[in-house]
Amino acid sequence: MSERVAVRKTYKLFIGGKFPRSESGRSYLVQDSNVPLASRKDARDAVLAARAAVKGWAGATAYNRGQILYRVAEMLEGRREQFVALGVPADEVDAAIDRWVWYAGWSDKLPQVYGGANPVAGPYFNLSSPEPTGVVAVVAPEQPALLGLVSVIAPAIVTGNTVVVAASPAQPLAAVTLAEVLATSDLPVGVVNILTGRISETAPTLAAHMDVNAIDLTGVADAELAADLEVKAAQNLKRVLRPAPADHDWTADPGVTRMTTLLETKTVWHPKGV
Amino acid sequence: MFEYAPAPESRSVVDIKPSYGLFINGEFVDPTDGGSFKSINPASEEVLAEVAEAGAGDVERAVAAAREAYDKVWGPMPGRDRAKYLFRIARIIQERSRELAVLESLDNGKPIKESRDVDLPLVAAHFFYYAGWADKLEHAGFGANPRPLGVAAQVIPWNFPLLMLAWKIAPALAAGNTVVLKPAETTPLTALLFAEICQQADLPAGVVNIVTGAGDTGRALVEHPGVDKVAFTGSTEVGRAIARSVAGTRKKLTLELGGKAANIVYDDAPIDQAVEGIVNGIFFNQGHVCCAGSRLLIQENVADRVLESLKRRMAQLRVGDPLDKNTDIGAINSAAQLARIKELSDAGSAEGAERWSPPCELPDRGFWFAPTIFTGVTQAHRIAREEIFGPVLSVLTFRTPAEAVEKANNTPYGLSAGIWTDKGSRILWTADRLRAGVVWANTFNKFDPTSPFGGYKESGYGREGGRHGLEGYLNV
């Protein structure tokens, strides 16, 4: 009996809930697989998809967003072996699953921890609440391939933002495989969009894009490129998360800064009276 | 209008020196290169004082003094002691509030009733509020051991000179930072009087440094490699330039920039209250307010009634001597600002909007602009898109709540907004959808040290005031 010929996977981009090839028709070779080399046009298409998803996702209840992030953890748990087969250490996969669970719980707690009533000196009701900033561009760190990726996506979306992620060029397989997890987790289309390819090609387009509200430079290792992206981001005053230090410990408690940097605080006043 | 006898506040309570040096390391010093500029009273064009212009060498000295004070005194000092200094400053401000209010009105042109009843009480309250945080930072929700950043470079505008100083200095010092602050070149005097208050409070030398000057001084300060934090309030254009200049550095940045706030009046709004709010929203402080309600959106079916009432109310506004206690609208802060207001207003007429001002006699000397409204404004008009920063209101109409929200959000700015309606659920529905950092419902232009202030989108980032205001000055 002859050995079965395996069905190989075609790795593709993840934009607006679909898995398209790059419109440029280009690819590059990673771990014996052809991976799309996203173009500037792909980046712009991803921003459109992310923007279209903002209203529904930001408007979803915190309870609903929390359940969906927890669902991502469930789906990832079921695909543990798939990531291990890609070379992701098993304990990193476990940590990535746990991180989704951790962030899932934040959805309906951060507004209480980070907002609240303000005791103004006068007869006024005064309440501050955090709101998502909108579309966030994210440059994912190269290592750890899965935990790092999850650790930049989850804090951005749990509060209602949508993201366009530039995956690490050296680690795209974990990113595309995570997209398959997200696509089966009831996450509305366009909330997470993932581009593979060169950071030097996609990130400047995202940093300069006038319909992107914030940029997370965590994965930008080149200090000169990071500074250039921050300059581009200033054009419409994007909120900026600066690059993480090379020795950043991704297994430590992430804290809330990743979430709060991508939030706006809205304060509403109303007089009290009869 | 009723004839009122003049009721001028005495300016003898304040002793303005003929010239002022820079406040560096606890002392007033001459600038290295000897440059200076004049600060004038915009209501009379009279020169009030000659003020030192800090060059790059002076900024260097000030940053070095702040660094040394941070390393040796203020950084190591227990929070409870920092708190006491801030409480002390708050008390001295209360004690000397009339002097500060008169000086503010002289240098800025704002009516004394505003500097006396709004600016100064808020300044003292701001220091009092943040004083209490200095020894409670570990309870502020930013982790167990939040640390200060170091030296803060702070650049403030001319519209609320002392209040903006308080918004910058109080949280910075409470969190344990030291500061170098540059006041605006047209309104440096109350900051220099504040420097004297720091001396009177025995605040350790170098904790607060004040460098006066114009744009070049500010640039030298925010670009200085020795600062850890940059805080700026001013125009979006300058804010963008600062964001570019700190790119690639470790400096933490907060920006409070321009606005073009929508003030939405629904057809069930109490009209008289709404009109008071509209007037307060755009004519408070001559409209020199980043969160001014400069775009009035009226539901179409009540537009005529609201405008009729608004015009009747505007005819009662008294424009004139800022030191007169009856004055509602004072002087425009500078010739340059007056030129900008005139240019944009002329553009409003040229683009086809209809201009109206009440009969209004303006003084001969000084910088003045009559309260003005434009009706028939479209969203494409410059006066609906650009920040005028003067007593000029653009009036648009809408038919449905959805259209009101759409128009309100149709701007790159997102600092503030107003809502007028008697229906609670409509307030909350609208507030949820407005992309603005402060939403005033059935009120406008209210401020409080406990209440976070700051913008969405191109109105900047970070919040000033409240617990949130500490975040920009801590390593969190």
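Modeller: The crossing of helix 5 of chain B and helix 6 of chain B is right-handed, a term for the near helix being turned clockwise from the far one by less than a right angle, anticlockwise being left-handed. This is a predicted model, in which local features need pLDDT of at least 70, side-chain atom pairs count only at pLDDT 80 or more, and totals for chains, interfaces and linings use all residues. Residues are numbered from 1 along each chain as its sequence is written, while chains are lettered from A and ligands numbered from 1 in the order in which they are written.

Helix 5 of chain B covers residues 161-174 and helix 6 of chain B residues 189-200; helices are DSSP runs (H or I, at least four residues), numbered from the N terminus. Their axes come within 8 Å and cross at roughly 50°, where axes are lines fitted to C-alpha atoms over the stretch in contact and angles run from 0 to 180 degrees between N-to-C directions. That makes helix 5 of chain B oblique to helix 6 of chain B, because angles under 35 degrees count as roughly parallel, over 145 as roughly antiparallel, 65 to 115 as roughly perpendicular and the rest as oblique.

On the helix 5 side, B:Pro161, B:Leu162 and B:Leu165 meet B:Thr190, B:Ala191 and B:Phe194 of helix 6, contact being C-beta atoms, placed from the backbone, within 7 Å. By class, this contact has five nonpolar residues, one polar and no charged; Ala, Val, Leu, Ile, Met, Phe, Trp, Tyr, Cys and Pro count as nonpolar, Asp, Glu, Lys and Arg as charged, and the others, Gly among them, as polar.

Methods: Helix = DSSP H or I, 4+ residues; strand = E, 2+ residues; numbered from the N terminus. Contact = placed C-beta atoms within 7 Å.
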